[in-house]
Amino acid sequence: MTQKVAVLGTGKIGEALLSGMIRGGWAPADLLVTARRAERAEELRTRYGVTPVTNAEAAKTADTLILTVKPQDMGTLLDELAPHVPADRLIISGAAGIPTSFFEERLAPGTPVVRVMTNTPALVDEAMSVISAGTHATEADLAHAEEIFGAVGKTLRVPESQQDACTALSGSGPAYFFYLVEAMTDAGILLGLPRDKAHDLIVQSAIGAATMLRDSGEHPVKLRENVTSPAGTTINAIRELENHGVRAALIAALEAARDRSRELASGNNS
């Protein structure tokens, strides 16, 4: 952990990474940050003891550059970085939909690039981060990326060809669960419960169900069947979900998210 790591464009996810790395043993003195606004950079210095720098200074100084700017801003950032990034720097991209080739074409030949799709549960150290190697990334580069993102949750290596699917499932995944909780809370109100009680019932049920899925090793069908008694309440609810095509709608929704990720990769940001 003596290498210097710079987080460029330090928003919520970037700050979550910083916080997790420090808790994981990184020294704040070895962490650099860049931010669009000077007051934001100073806030990070005060809160974590890290060093604010310019993008050019980060490129010259850090061994690893983690790029967390929005996808539409990545080209401009790379134009700024390219003159200052030696080919031995590790570049980690957290931008949805942008392939490693986008970086390799704009940086010095041979520059190692690792693509990571994480998600917002990084804010509570429960992220799912999916990691893929670019053309020049080594096993050591991948392990280093796993070490960084492992500080805020779980990591999984996949071929880059699977990144768009992973973006649809886990990158956007938390939003689907928030949407479901929102709908179930409205249903609870319709059934006569106060909003706060409906919310607490649903959230704890979600936490319990997720923990069972993670820890039991059982297939979700088996866990669902354990709750579904013959002619009971649950099977009636499941029937209505099937009648309304909820399963098909979810599959179509994830396909749409996957397709949009592919569009972003092709440069269609509109």
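Which side chain meets that of Glu242 in a salt bridge? In this predicted model, the partner is Arg247, and the N to O distance of the pair is 3.0 Å.

**Domains and their interface**

The domain assignment divides the chain into domain 1, covering 5-158, and domain 2, covering 166-266. Their C-alpha centres are separated by 32 Å, and the contact draws on 11 residues of domain 1 and 8 residues of domain 2. The size of an interface is often given as the accessible area lost when the parts come together. For domain 1 and domain 2 the buried area is about 760 Å², of which 65% lies on carbon and sulfur atoms. On the domain 1 side, the residues that lose the most area to domain 2 are Gly97, Met117 and Asn119, which together account for 44% of what that side buries.

What classes of residue does domain 1 present where it touches domain 2? That side has 7 nonpolar residues and 4 polar residues, with no charged residues. Between domain 1 and domain 2 the search finds 0 salt bridges, while the polar contacts between the two domains come to 1 residue pair, counted with both residues at pLDDT 80 or more.

Thr10 sits in the loop between strand E1 (5-8) and helix H1 (12-23). Is Thr10 buried or exposed? Thr10 counts as buried because its relative accessibility is 4%, which is under the 20% cut-off for that class. A polar atom of the Thr10 side chain lies 3.1 Å from the backbone oxygen of Thr34. Leaving aside residues up to four places away in sequence, Thr10 touches Glu15, Leu18, Val33, Thr34, Arg40, Leu44 and Thr68.

**Salt bridges**

Side chains of opposite charge can pair when their charged atoms come close.

| Side-chain pair | N to O distance |
|---|---|
| Asp30 and Lys4 | 3.7 Å |
| Arg239 and Glu240 | 3.9 Å |
| Glu242 and Arg247 | 3.0 Å |

The salt bridge of Asp30 and Lys4 links distant parts of the chain, since Asp30 is in the loop between H1 and strand E2 (31-34) whereas Lys4 belongs to the segment before E1, 26 residues apart. Asp30 counts as buried because its relative accessibility is 17%, while Lys4, at 25%, counts as partly exposed.

In the pair of Arg239 and Glu240, Arg239 is partly exposed at 47% relative accessibility, and Glu240 is likewise partly exposed, with a relative accessible area of 35%.

Elsewhere, salt bridges that share partners join Glu15, Arg40, Glu43 and Arg47 into one network. Glu15 and Arg40 from this network are also among the residues that Thr10 touches.

Conventions
Residues numbered from 1 in each chain as written. Predicted model: local features only at pLDDT ≥ 70, side-chain atom pairs only at ≥ 80, totals over all residues. Heavy atoms only, no water. Domains from an automatic or database assignment. Contact = heavy atoms within 4.5 Å. Buried area = accessible area lost by both parts, 1.4 Å probe. Salt bridge = Lys/Arg side-chain N within 4 Å of Asp/Glu carboxyl O. Polar contact = N/O pair within 3.5 Å; in protein donor to acceptor, adjacent residues only side chain to side chain. Nonpolar A, V, L, I, M, F, W, Y, C, P; charged D, E, K, R; others polar. Helix = DSSP H or I, 4+ residues; strand = E, 2+ residues; numbered from the N terminus. Buried < 20%, exposed > 50% of the residue type's maximum accessible area, 1.4 Å probe, protein only.
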